[in-house]
Amino acid sequence: MSEITTLQPQLLWQWFEQICAIPHPSHHEDKLANFIVNWAQEKRFFVERDEVGNVLIRKPASTGMEHCIPVALQAHLDMVPQANEGNSHDFTKDPIRPYIDGDWVKAQGTTLGADNGIGLASCLAVLESDDIAHPPLEVLLTMTEETGMDGALNLRRNWLQSEILINTDTEEIGEIYIGCAGGINAELEIPVQREANTFAHSFQLVLKGLRGGHSGVDIHTGRANAIKMLARVLAKLSQHQSHFRLAEIRGGSIRNAIPREAAAILAFDGEVNAFASTVQNLQVLLKEELAIAEPNLTLFLEPIAKPQSVFDAQSTQTVINLLNALPNGVIRNSDVIKNVVESSLSIGVLKTDSAHVQGTILVRSLIESGKAYVTELLDSVASLAGAKTEFSAPYPGWKPVNDSAILKLSMKHYADVLGKQPDIKVIHAGLECGLLKEHYPNIEMVSFGPTIRNAHSPDEKVQISTVETYWDLLTRVLGDISTK
C-alpha cells in the first residue's frame, strides 16, 4: 500500500490506489473493468457489462431512502497514457506510481489518471461504504472516453433506471458544469512523392520540453503546440537554408492532448555549422517569445543515420506550408457564455508513412454550426495543398439547463461546504453527458469534481484538499435526494 491510502477520505483513496495498480489506458480497460465486476459480484450487487464493455452496478437505497428518486453516478474507465521522453513506462503492463507532493498527488513521470480515476474511485467508494445515505443507486462506468467516447456512444439502450445523473469528470473545485462542447475527429492526409537521398548530411530536428495539456480546457492558455511550432521552424529554415528535404515528420501521441514534442528528419547539402547556427538562433527567438508560456522549450539538431529516401522538393514545401498554415487553437469565443471558448481545433498527432504525412485533429464547438465551420475551414486549407480530410466519430454537445432540481440541490450543498456560491459553468471539452442525454433525454444531469491540473500530460496532479471537499459535496447531495 502506498502513502496515498492514508489520505482522507480513506476509502476513496484506497480505491484510487487500486485503480492506479491496474493498467487501464484507452482500449485496454478490460482488466480494470473485470476487477470491478468481480468485486461487485462478491458484494452481491447487481452488475452487468453491455455489448461494448460498459459496466453498470446497482445498489439498493440506504434505510429510509427507498422511495427517493434513483440516481446514477458516472465515470469513465480509461486514462490518457502520456509519459515524459525517455520514460520506458508501458501503460498496458506497468502500474501508475502515485506520490504525495504537499497538497497534491502526482505520478512518477507519467499521467496520473486522476482524470477520471478520482471520480471512478468516488463511485466505487460510495458503493462500498456502509454509512452513506443514498437513494436507489446506479454506477455507470464507460469505456474509451478519451479516444472517442465509444462507451457512451454505444451504450445499451434502456439500461439505466435513474432519473438523475451525476457525472464525476469535472476538474475544478467550486464549479458545477451544466453543459459542454461537442466534437469531431479530422484525419488530414498529405500525399508525398519520394526520391533517393543523395544529400550529404542527415539530421533530426527535435522540439521538446513543452507543457502540453488538455486540448479543450487548456486551448486558450497560450501553450504551444509542438507540431505547429515545428512547422513554423521548418518554414523559417526553408527561407534561410532552402536546400533541404524532409524524410519524416512526426509529433504528439494522442488526439485530445496538446503535443509536447515533435521531430523531423532532414537531409541537406551545404555548411552544417551554418544550418546549426540558424536552428540555434530560432531556439533563442522562441524561448524569448514563450519565456512564460513554455519555459522549458528546447530545439536542437542531432545527427542520425542517412535515410534511404526523402520527400521531393515540392512535397517538402507542401508539407511545411500546409502544417504552418493549418488553423489551430481558439477559433471563436462564445457570445452567450462569458469567458468560454465556443469553437477550437488542435492537431494532436502527426505521422509519416511511405507515401503520406497524416495528422489527427480534434475539432470542438459548443454549437453545431461552429463545428461545421471549422470542418469546412480544414477542408478549404487542405484542398489548396492537394491534401484530403476525413471526418469521423462526431459527438454532440451538452445543452445547458440552468433550473434543474439536481442543479439547485448541488448549489445549495456546495454553498454550505464552500461558504460561498459555486460557479455554474459550461466546459470547452467533451463530457459524456451530451451522448448520455441523447440516450436519456429526460434525465437531469450535473457534473462536478475536485481540482485536477495538467490533465493529459505527465504533469497531471490532483489537489488533495479538494478531493475531501468534493467527497463532502457528493455524499451530502446523495443524502438529500427527494422522494418521487
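**Figure 1. The largest cavity of the predicted model.** About 170 Å³ of space lies in the largest cavity of this predicted model. Its lining is formed by 18 residues, and those closest to the centre are Glu-145, Glu-146, His-214, Ala-429 and Gly-430. Sorted by class, the lining of this cavity comprises seven nonpolar, four polar and seven charged residues. The structure holds one cavity of 30 Å³ or more.

**Figure 2. The largest pocket and the strands that contribute to its lining.** At least two lining residues come from each of strand 8 (175-180), strand 20 (423-427) and strand 22. Strand 20 gives the most to this lining, with three residues. The lining of the largest pocket divides into eight nonpolar, eight polar and eight charged residues.

**Figure 3. The second largest pocket.** A volume of about 400 Å³ is found for the second largest pocket. This pocket is lined by 24 residues, of which Glu-85, Gly-251, Gly-252, Glu-261 and Ala-262 are the closest to its centre. Strand 11 (201-208), strand 12 (244-251), strand 13 (262-268), strand 14 (298-303) and strand 17 (341-352) each supply at least two residues of the lining. The largest share, four residues, is from strand 11. By class, the lining of the second largest pocket has 12 nonpolar, six polar and six charged residues.

Figure 4. Four antiparallel strands form an open sheet in the order 4-5-23-22. Strand 4 (98-101) and strand 22 (452-453) are the edge strands, each pairing on one side only. Within the sheet, strand 5 (residues 104-107) and strand 23 (residues 461-463) run antiparallel and are joined by three bridges. Val-105 has Val-462 of strand 23 as its bridge partner. Helix 11 (residues 464-478) packs on the sheet and touches strand 4, strand 5 and strand 23. The direction of helix 11 makes about 60° with that of strand 23. Strand 22, an edge strand here, also supplies at least two residues of the lining of the largest pocket.

**Figure 5. Two cis peptide bonds.** The peptide bond from Gln-8 to Pro-9 is cis, with omega near 0°. Pro-9 lies in the segment before helix 1 (10-21). Asp-115 and Asn-116 are likewise joined by a cis peptide bond, for which omega is about 5°. Asn-116 is placed in helix 3 (residues 114-128).

**Figure 6. A positive phi angle at Met-149.** Met-149, a residue other than glycine, has a positive phi, near 55°. Met-149 belongs to the loop between strand 6 (137-142) and helix 4 (150-153).

**Figure 7. The whole chain, as context for the close-up views.** The chain contains 11 helices and 23 strands. Its C-alpha trace spans about 80 × 50 × 45 Å along the principal axes. The radius of gyration of the chain is 24 Å, which agrees with the value near 23 Å that a compact globule with 484 residues would have.

Definitions and conventions
Residues numbered from 1 in each chain as written. Predicted model: local features only at pLDDT ≥ 70, side-chain atom pairs only at ≥ 80, totals over all residues. Heavy atoms only, no water. Pairing = 2+ DSSP bridges. Contact = heavy atoms within 4.5 Å. Axes fitted to C-alpha atoms, helices over the stretch in contact; angles between N-to-C directions. Nonpolar A, V, L, I, M, F, W, Y, C, P; charged D, E, K, R; others polar. 1 Å grid on protein atoms, 1.4 Å probe; cavity = no way out; pocket = protein on both sides within 12 Å on 5 of 7 lines; lining within 4 Å. Points joined across faces, edges and corners; volume = space filled by probe spheres on them. Rg over C-alpha atoms; globule rule 2.2 N^0.38 Å.
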